[in-house]
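Subject: Structure handover

Hello,

Here is the structure we spoke about, with the sequence. My notes on what was found in it follow below.

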Amino acid sequence: MRPSSRVPWPKFLVLAVASTLVVSGCSATPEPAPPPTASPTALTAPFFDSHEDALAAATQAYAAYSEQAAALFSTPGSNPELIRTVASEEFADALIAEALQIRADGLQIAGQNSFDGVTLQSVDETTAAGSGVVVVQLCLDVSGSDIINTSGVSIVDKTLPARSPYVVSFDWQDPANPGTLLVGSQSPLLGAARCE
């Protein structure tokens with residue numbers, strides 16, 4: 001139901017702090033003192049005051065995304081362009097294409113997925129083009145939604161787990177004016193990870 005896309009893991013900046021050892025020797029004429037240099041300052045102040053703020057923003061952004069995604073996939077007459085208000089351009093394109101294909105196949109998705117257990121994986125406000133600014137892990141619960149065929153019969157495999165762990169990456173809505181997060185990608189977390 002939800003398209004998976006490659007998660008653009010953010011690039012971590014490694015800052016190296018070097019100390020300089022100044023060796024002075026004796027000389028007949030003292031060397032002039034070097035001109036004063038301005039202390040380095042950050043080019044931009046961080047938008048999030050703390051990791052808690054970043055997690056809260058991501059949780060709020062994913063909740064808004066979940067509502068719009070449910071409308072996109074469950075309402076045949078819905079405006080698919082509304083998903084662009086909560087998802088990055090590339091991810092929104094994939095969602096719209098999938099919703100159109102589901103409708104073309106005569107299927108309908110009813111209900112809405114829920115989520116919980118959101119934990120912060122990383123924050124990098126300086127990432128290129130504002131992609132992968134915040135990455136979280138969450139538990140996606142699909143028990144509240146269903147895929148129904150033209151006969152009104154569910155085609156969901158009930159033996160599959162209703163709750164699965166996902167990694168979700170968020171982008172800035174506008175890298176030049178950060179503040180609002182958009183879902184950039186989401187992928188199932190494979191391996192031993194599981195939702196409680």
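**What was found**

Of the 196 residues in the protein, 32% are buried. Please keep in mind that this is a predicted model.

**Layout**

The protein has two helices and six strands. Read from the N terminus, the order of these elements is α-α-β-β-β-β-β-β. Taking the contacts in the protein with a separation of 6 or more, 66% are between residues 24 or more positions apart.

**The core**

The largest nonpolar core is made of 33 residues. Inside this core, the residues with the most contacts are Tyr65, Ile83, Val134, Phe170 and Leu181. At least two core residues come from each of helix 1 (51-74), helix 2 (89-104), strand 3 (134-141), strand 5 (163-172) and strand 6 (181-188). Helix 1 gives the largest share, with nine residues.

How do helix 1 and helix 2 pack, and at what angle? Their axes are 9 Å apart and the angle is about 30°. Angles under 35 degrees count as roughly parallel, so helix 1 and helix 2 are roughly parallel to each other. On the side of helix 1, the contact is made by Tyr65, Leu72 and Phe73. Helix 2 contributes Phe91, Leu95, Ile96, Glu98, Ala99, Ile102 and Arg103. Sorted by class, this contact has eight nonpolar residues, two charged residues and no polar ones. Tyr65 was also listed above, among the residues with the most contacts inside the core.

**Phe115**

The last item is a residue in strand 2 (residues 114-123), namely Phe115. Which residues is Phe115 in contact with, apart from its neighbours within four places in sequence? They are Thr59, Tyr62, Ala63, Ser66, Leu138, Cys139 and Leu140. For one of these, Tyr62, there is also a distance: Phe115 and Tyr62 are 53 residues apart in sequence, and their C-alpha atoms are 8.8 Å apart in space.

Regards

Technical notes: Residues numbered from 1 in each chain as written. Predicted model: local features only at pLDDT ≥ 70, side-chain atom pairs only at ≥ 80, totals over all residues. Heavy atoms only, no water. Core = buried A, V, L, I, M, F, W, Y, C linked by side-chain atoms within 4.5 Å. Buried < 20%, exposed > 50% of the residue type's maximum accessible area, 1.4 Å probe, protein only. Helix = DSSP H or I, 4+ residues; strand = E, 2+ residues; numbered from the N terminus. Axes fitted to C-alpha atoms, helices over the stretch in contact; angles between N-to-C directions. Parallel < 35°, antiparallel > 145°, perpendicular 65-115°, else oblique. Contact = heavy atoms within 4.5 Å. Nonpolar A, V, L, I, M, F, W, Y, C, P; charged D, E, K, R; others polar.
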